[in-house]
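Subject: Structure handover and notes

Dear colleague,

I am passing on the structure that follows, together with my notes on it. Please read the notes with the coordinates open beside you.

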Amino acid sequence: MSLTLSTSPEGVSQGRRASSVGVGRAHAKAVLLGEHAVVYGAEALAVPLPQLTVTASARRSGRQTEGPGDVSFTVAGPLSRPVAAQASDGLRRLISEFSAAMRVEDRPHLEVTLDCAIPHGRGLGSSAACARAVVHALADLHGRQVTEDETFALVQTAENVAHGRSSGVDARAVGAWAPLLFREGEVQELSVGCQGVFVVADSGVVGRTKDAVELLRDAFQMRRGAKEEFLRRAARLTEEARYALADGRAEQLGRRLTDYHELLRAAGLSTGAIDGLVEAALTAGSLGAKITGGGLGGCVIAVTGTEQADEVEQRLRAAGAVRSWAVPMRGSADDER
C-alpha cells in the first residue's frame, strides 16, 4: 500500500554522516496500572513488549518530486488500509517537525516503509512505535543525533494528531527497555525485585479508547465526587503495585492488578470477553490479571510465576485469546539487548 505525504522544507544540515538508507526501530508496550487516571495527572506503570516490533526505513528516491519534502509511504504488517491512512496524517506532521527541529535543508523525494508487527487498537502502542521508528529512520538517513526528549516531542506530535490529547505514556514506553513509572510526561525506570512473567493476551477485539474516555468522563459528571474517588483508588493501587514490584512481593503485585481491573470494570470499561480472559488467567494460576489499555476491547495482562506461564497462555487461548506473549519481569540491569 502506498500513500503520498507532503511536508515543508526547513533549515541547515549538520551532524554525523548521513546514510543512503535510514533505519529505525521501536517496540510495543502494555500499561500495568494507571489507565485513564494518567490522563488526569496520576501515575501509570508500563512495561515494554520487545517481542512486538516495528521497523521503519527511509531512503532518497530518484523519482521526480512534486515539491520539497514529498514522501511515498508504504505499510506492511497487520496495519489495515484505513489505519495506515489515519496514521499518515500524524506521520506527515512528524516528518515536517523533524525537518524543522533538526534543521534539514536537503529535502528530496523520500520513500518510507514501515514493517509493523504490533496489532492496532489493542492498547499496545502501535502508532507511537511507528512514529518512534520513523524518527530514528529519519535521523539515520540525515545523519542526526536525537535525544530521548527530542524523540518524545516528535512522537507526541504524531500521537496528538492521531488520537487527540495524548498522555505521553506510549511515546515514552515504546523506546524503554525496563518497566517505567510515568507521570505528566516524565519517566523513571522501576526497580524490579520480582521473579516471574507478564503474560499479555490479545482478545482479538479492537479497543475503543475514545468511547471509553467519554464514558468515564460522563460517569464523573453524573455523580459528585466520582472523579476524585476513582483517581484516589487508582493512585493507591498503582503506588502499592510499584513498591510490590520493587520489593519482590509478586502476590501483592498480582492482587493490585486484579483490584485495578475491578475498578475499571465497575466503571463500565471492560467487556464480557475481557472479563472471561481475566478469569481464565486467574483460574490457571496467575497471581493477578486485568484489562490493559483504554478499554472496551483490547488486551489482558497477567502476572504469573515462570512455571505457570505456559499453562496461563494455553488457558487464555482456550478462553478466546487470538495470540499471547510472555515477557520476563526484569529491569534494565538484567536486559540482554
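In which helix does T151 lie? T151 belongs to helix α3, which covers residues 148-163; helices here are DSSP runs of H or I with at least four residues, strands are runs of E with at least two, and both are numbered from the N terminus.

Before going further, please note that this is a predicted model, in which local features need pLDDT of at least 70 and side-chain atom pairs count only at pLDDT 80 or more, whereas totals for chains, interfaces and linings use all residues. Residues are numbered from 1 along each chain as its sequence is written, and side-chain values use heavy atoms, with hydrogens and water left out.

T151 has a relative accessible area of 0% and is therefore buried (buried means under 20% relative accessible area, exposed over 50%, and partly exposed in between, with a 1.4 Å probe and protein chains only). Leaving aside residues up to four places away in sequence, T151 touches R132, V135, H136 and V146, where contact means heavy atoms within 4.5 Å. Q145, by contrast, sits in the loop between α2 (126-142) and α3, and counts as exposed at 60% relative accessibility. The C-alpha atoms of Q145 and M102 are separated by 8.8 Å, although these residues are 43 residues apart along the chain.

For the chain as a whole, there are nine helices and eleven strands, and buried residues make up 53% of the 337 residues. Among contacts with a separation of 6 or more, 79% are between residues 24 or more positions apart.

Even so, β9 is largely enclosed by the rest of the structure, because five of its five residues are buried. Five bridges join β9 to β10, with T292 opposite C299 in β10, and the two strands form a hairpin with six residues between them, where G293 in the turn has a positive phi of about 105°. On β8 (residues 197-202), six bridges make the antiparallel pairing with β10 (residues 299-304), and V199 has A302 as its bridge partner.

Axes are lines fitted to C-alpha atoms, for helices over the stretch in contact, and angles run from 0 to 180 degrees between N-to-C directions.

Finally, the axes of α5 (residues 209-222) and α6 (residues 226-247) come within 7 Å and cross at roughly 120°. In this contact, L216, A219 and F220 of α5 meet A226, K227 and F230 of α6.

Best regards

Key: Pairing = 2+ DSSP bridges.
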